[in-house]
Amino acid sequence: METIQFKTNINCSNCVAKVSPFLNQEDSIDNWKVDTNNPDKILTVEGEELDAEAVIQTVEKAGFKAELQ
C-alpha cells in the first residue's frame with residue numbers, strides 16, 4: 001500500500017465533511033485522514049496505485065487546495 005501526504009487548507013470538521021464525499025468516491029484511495037491540528041493541515045492518503053495529481057484535483061473539486069508534502 002502506498003501513502004502520500006499533502007499540505008492542505010482543510011482546517012475544520014465542517015471542511016472535512018465537505019471534502020469527504022469527493023475523497024470517498026476516488027477509487028484509488030483506500031483510507032484517508034486530515035490532521036486539522038497540524039499547522040499544515042496534513043491530508044494522508046493510502047491506497048494502491050495512487051496518483052498524486054488526481055488526489056489534488058479531487059480536493060480542488062471540493063473547493064480546497066492541496067500540494068504534495
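Two strands pair if DSSP finds at least two bridges between them. Helices (H or I, at least four residues) and strands (E, at least two) are DSSP runs, numbered from the N terminus. This is a predicted model, in which local features need pLDDT of at least 70 and side-chain atom pairs count only at pLDDT 80 or more, while totals for chains, interfaces and linings use all residues. Residues are numbered from 1 along each chain as its sequence is written, and side-chain values use heavy atoms, with hydrogens and water left out.

Q: Which feature does UniProt place at residues 1–67?
A: The span is 34% helix and 30% strand, and its end C-alpha atoms lie 20 Å apart. UniProt positions are in the numbering used here, feature names are shortened, and annotations may be inferred rather than shown by experiment. The unreviewed UniProt entry gives residues 1–67 as "domain: HMA".

Q: In what order do the four strands form the open sheet?
A: The edge strands, each pairing on one side only, are E2 and E4 (66–68). Strand E2 (residues 31–35) is joined to E3 by five bridges, and the two run antiparallel. E1 and E3 are antiparallel over six bridges, and E1 and E4 are antiparallel over three bridges. The order is therefore E2-E3-E1-E4.

Q: Which residue stands opposite Lys-7 in E4?
A: E1 and E4 pair in the antiparallel sense. Within E4, Phe-6 has Leu-68 opposite. Lys-7 has, in E4, Glu-67.

Q: Which strands does H2 touch where it packs on the sheet?
A: Helix H1 packs on the sheet against E2 and E3, its direction making about 160° with that of E2 (axes are lines fitted to C-alpha atoms, for helices over the stretch in contact, and angles run from 0 to 180 degrees between N-to-C directions). H2 also packs on the sheet, and its direction makes about 165° with that of E4. The strands touched by H2 are E1, E3 and E4.

Q: Which residue of E3 does Trp-32 stand opposite?
A: E3 is mostly covered, with five of its six residues buried. One of the contacts (heavy atoms within 4.5 Å) of Val-45 beyond four places in sequence is with Trp-32, and others include Phe-6, Ile-29 and Val-55. In E3, Trp-32 faces Val-45.

Q: Why does Ser-28 count as buried?
A: Ser-28 lies in the loop between H1 and E2. Beyond four places in sequence, its contacts are Glu-46, Gly-47, Glu-48, Glu-49 and Leu-50. Buried means under 20% relative accessible area, exposed over 50%, and partly exposed in between (1.4 Å probe, protein chains only). Ser-28 counts as buried because its relative accessibility is 15%.

Q: Which residue in the hairpin of E2 and E3 takes a positive phi?
A: This hairpin has six residues between the strands. The positive phi is near 45°, and the residue that takes it is Lys-41.
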